[in-house]
Amino acid sequence: MPPAVTTGDQFKLSNLPTDTVSAVHFQPGKGAQFLLASSWDCMVHLYDVTSGGQRSSYEHACPVLASCFADALHAVSGSLEGTVKYFDLNTSQVTNLGIRPASFVVFRRQGFVMGSIEGRVAVRMFDKSQESQKKSYVFKCHRKKEENREVIYPVTAISFHQRYNTFATGGSDGMVNTWDGFNRKWLAQFEKYPTTISSLDFCEDGTQ
């Protein structure tokens, strides 16, 4: 049997979430000091695990469904009303990154890829410098022509390949496409699935 967790192995935190916790993440890097926690109470909390106190927090209008660290000093969260927010741990500044995303994923702590219900994908950089923002762009996908009209499908899932800097998108059209995000190229399309793609992921070595 594995060893039992003792009281000395645990941290007691103050100002705990008041509803279901949707995600918890330790700050990346050695000697991580902070813990990020999001909840259905519409809040994102940042805790100092050494003191047990809450360092800061910010609020969404609806329950927070996902959160993660973009890097050691920045966090990203997304909520039920479709808002993605970017949080600076040093300044406690919160930036609204987008409205109505259907899916999003952070890549290499440089930026994020966000899919929309309008069949578009946005590639955005966290760095606000002019040079970095030149790498941000939006493109259309998961669409098809039917009887001289364009049918648009929401982008419902995204997964980023951490080794090759490519990513895959899945849509409510049952299709999965792969993209070279940095060179802005479409790579391949998988055989159509019978229903909406709800989730995607690459294996650790990226071969599947």
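**Exercise 1. Find which residues form the aromatic cluster, and describe the pair of phenylalanine 139 and tryptophan 179.**

*Solution.* Start with the members: Tyr137, Phe139, Phe167 and Trp179 form one aromatic cluster. Keep in mind that you are working with a predicted model, in which local features need pLDDT of at least 70, side-chain atom pairs count only at pLDDT 80 or more, and totals for chains, interfaces and linings use all residues. Residues are numbered from 1 along each chain as its sequence is written, and side-chain values use heavy atoms, with hydrogens and water left out.

Next, the pairing rule: rings of Phe, Tyr and Trp (its six-membered ring) pair if their centres lie within 6.5 Å; planes under 30 degrees apart are stacked, over 60 edge-to-face, and the rest tilted. By this rule the structure holds 4 aromatic pairs. One of them joins phenylalanine 139 and tryptophan 179, with 4.6 Å centre to centre and 50 degrees between the planes, a tilted pair. Phenylalanine 139 sits in strand β12 and tryptophan 179 in strand β17 (residues 176–180), so the pair ties together parts that are 40 residues apart in sequence. Helices (H or I, at least four residues) and strands (E, at least two) are DSSP runs, numbered from the N terminus.

Finally, check the burial of both partners, where buried means under 20% relative accessible area, exposed over 50%, and partly exposed in between (1.4 Å probe, protein chains only). Phenylalanine 139 is buried at 15%, and tryptophan 179 is buried at 11%.

**Exercise 2. Locate serine 136 and list its contacts beyond four places in sequence.**

*Solution.* Serine 136 belongs to the loop between α1 (130–133) and β12 (137–140). Its relative accessible area is 13%, so serine 136 counts as buried. For the contacts (heavy atoms within 4.5 Å), leave aside the neighbours within four places in sequence: Val123, Arg124, Met125 and Arg184 are in contact with serine 136.

**Exercise 3. Work out the strand order of the open sheet of 4 strands.**

*Solution.* Two strands pair if DSSP finds at least two bridges between them. The order is β1-β2-β3-β4, with antiparallel pairing. At the edges are β1 (21–26) and β4 (54–59), each pairing on one side only. Neighbouring strands here are turned by 15 degrees against each other on average, direction ignored; the axes are lines fitted to C-alpha atoms, for helices over the stretch in contact, and angles run from 0 to 180 degrees between N-to-C directions. Now zoom in: β3 and β4 pair in the antiparallel sense over 5 bridges, and valine 44 has tyrosine 58 in β4 as its bridge partner.

**Exercise 4. Describe the hairpin of β13 and β14.**

*Solution.* Strands β13 (residues 143–146) and β14 (residues 149–152) run antiparallel and are joined by 4 bridges. Arginine 143 stands opposite isoleucine 152 in β14. The hairpin has 2 residues between the strands, and glutamate 147 takes a positive phi near 50 degrees.
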